[in-house]
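Please keep the sequence and the coordinates at hand while reading.

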Amino acid sequence: MKLSKILKNGFLIAFACLALSACATSKKTTGQMQGDVYTGTDTVEYLASGVPDRVFFATNESVLTTASRETLRKQAAWLRKNSKITIVLEGHADERGTREYNLALGERRANAAKDYLMTYGISSDRISVLSYGKERPVDSGSNPLAWSKNRRSVTVKAN
Amino acid sequence: MKNFLITLIIILIPFKSFGLIEVDITRGNLNPLPVAVSPLSINEESRKNFENILKKKNIGSEISSIVENNLKISGLFNPLNKDAFLQEPDIANLKPRFEDWNLIKAQALITGKVSYVEEKLRVEFRLWDVLAGKEMMALAFTTVPNNWRRVGHIITDKVYERLTGERGYFDTRIIYVAEEGPKTQRVKKLAIMDQDGANNKFLTLGNELVLTPRFNPTSQLVTYLSYFRNLPRVYLLDIETGTQEVVGDFPGMTFAPRFSPDGKKIIMSFAKDGNSEIYTMDLENRIVEKITNHPSIDTSPSYSPDGKFISFNSDRSGYQQIYVMKSDGSNVKRISFGKGIYGTPVWSPRGDLIAFTKLHKGKFYIGVMRTDGSGERLLTENFYQEAPSWSPNGRVLIFYRETKTDSRGEGFSAKLWSIDLTGYNERQVPTPTDGSDPSWSSLLSN
């Protein structure tokens, strides 16, 4: 059920990429970004040693990248080891979108992370989701790098 | 609310208007009509009484200044400099010497008188066509002295109506989000002010994030999004009493609220499990209805003024676009097909247009299109701006814009701006702090 939704979203976005042709083809790595997904560590904090607290997204997307899935698997392993911990997934968007749409997008991103954690055995009872849209950027700059840092889902300990 | 009521006591029917001045507001007005606003005359006794109550030296001049400022910001009128006026206010109000006013190129003249009668403020005013040498309108009303600013707005509304043939929009208020602090930890409060920026009042303390306040078109209620206790939910606030209640307490996030045109329902988005759908809630019986059903993001709903249709934005095509559907959720049609992404559709109170925010090639635009998506017209372009809200007569849009505050393109400032539907007369609306998400009230007096 969850998986089918991930797939459905995946298809939706894949379709959009086809339609725009250029979107998927030119993913080059430049400094701290791959395509327009942030790959740096400036803003990343750690839930435990080796367990990054956040994952990053491409513009307008909520699909998890390979690196994001790896981060979330580490988070899942940590959560399985610390079974009393509950978390809030805080979804965020960059400033290049309308406020209300970005609230929805932040929610979709946080839920993409939640769905993935659940497929790695973390119960939904331990996860709540909170979208901030574009209200809480980590980087106040208005440039592609700043925006890439702000398109994120952050896992925060809730207890 | 009681003391806001203003009783119209005398309405002298104006002369038939054939051949008198008219102002065309359907086009950009590059030659605003020269108008002389003679200070309202006041006798010494009334002046002293008002000075005691209101701490204003000459309430007649104060009210005239409000009228003058309103006329100026409308962009349709050019209030003339008072220093050039030859006739004393009291005599002008009885019988203007039209040749004197003609000499300073005034085409319209506003005169009047304010007096203190049984602890109330009584005002009478007249609008004169200088070229025709005729009175166009004469009105009088009485209110509590504290309403003196509203008296100025009501006079402007009547003058605007008489000269343009359209309802005015001056006796109105704006609710918005007052902002302070760095972008990463912005403090946001609900605030309300008169349309001209006066009487600013903060309605929340800034302890929790608040967004997107919207006026009920029929009452003093406001709906908005609050992050109270970190639970983003749609709230209802009564401006008169200050009471707040949560209305969208669903197990997920509720956001993007607006009232139906009759004020009886709230339409909003509800996000759960990564999917945002549009719902309505009846405020009387609290019955909730789901309107959209699609795995995409459906948000920013806005009713047509007859309540029969809803415009909203959805990314079901891959990117944010504007759609229109019947108010039961049937007949969904995409209406935006231009280049770029489209959001925040808001239906004009006149019913014929939808205002929107558009993002294309890194620029934000405020624009309008017909309700079938044809006739797209972009009114203003900037680095970042969004969230148009219509004046109650559908002639002016208010929105907010963020600008960079230093040359390196860093730092930022968010301000409210207004622009005429014609694309002319763009101006900043004064606010004591930064501001965003403005919503225009209906006319307070009808």
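In which strand of chain A is the place of Tyr132(A)? Tyr132(A) lies in strand S8 of chain A. The model is a predicted one, and what follows is computed from it.

Is Tyr132(A) buried or exposed? A residue is taken as buried when 20 or more other C-beta atoms lie within 10 Å of its own. Tyr132(A) has 22 C-beta neighbours inside 10 Å and therefore counts as buried. When neighbours within four places in sequence are left aside, Tyr132(A) is in contact with Glu90(A), His92(A) and Gly106(A). A further reference point is Ile87(A): 45 residues separate Ile87(A) from Tyr132(A) in sequence, and their C-alpha atoms are 16 Å apart in space.

Next come two helices of chain A. Helix H3 covers residues 66-81 and helix H4 covers residues 99-119; their axes come within 9 Å and cross at roughly 55°. The crossing of H3(A) past H4(A) is right-handed. On the H3(A) side, Arg69(A), Leu72(A), Gln75(A) and Ala76(A) take part, and they meet Ala113(A), Tyr116(A) and Leu117(A) of H4(A). Sorted by class, this contact has 5 nonpolar, 1 polar and 1 charged residues.

The next topic is the interface between the chains. Here 29 residues of chain A are in contact with 34 residues of chain B. On the chain A side, at least two residues each come from helix H1 (2-20), from H4 and from strand S8 (127-133). Strand S8 of chain A is also where Tyr132(A) is placed. Which element gives the most to the side of chain A that touches chain B? That element is H4(A), with 10 residues. By class, the side of chain A that touches chain B has 12 nonpolar, 7 polar and 10 charged residues.

The last topic is the nonpolar cores. The largest nonpolar core has 78 residues, and those touching the most other members are Tyr224(B), Met268(B), Ile354(B), Ala355(B), Leu397(B) and Ile398(B). Not counting residues up to four places away in sequence, Ala355(B) touches Val346(B), Ser348(B), Ile366(B), Val368(B), Pro388(B), Trp390(B) and Leu397(B). A second core, separate and of 37 residues, has Ile63(B), Val123(B), Trp128(B) and Leu163(B) among its members.

Conventions: Residues numbered from 1 in each chain as written. Chains lettered and ligands numbered in written order. Predicted model: local features only at pLDDT ≥ 70, side-chain atom pairs only at ≥ 80, totals over all residues. Axes fitted to C-alpha atoms, helices over the stretch in contact; angles between N-to-C directions. Helix = DSSP H or I, 4+ residues; strand = E, 2+ residues; numbered from the N terminus. Left-handed = near helix turned anticlockwise from the far one by under 90°. Contact = placed C-beta atoms within 7 Å. Nonpolar A, V, L, I, M, F, W, Y, C, P; charged D, E, K, R; others polar. Core = buried A, V, L, I, M, F, W, Y, C linked by C-beta atoms within 7 Å. Buried ≥ 20, exposed ≤ 12 C-beta atoms within 10 Å, placed from the backbone.
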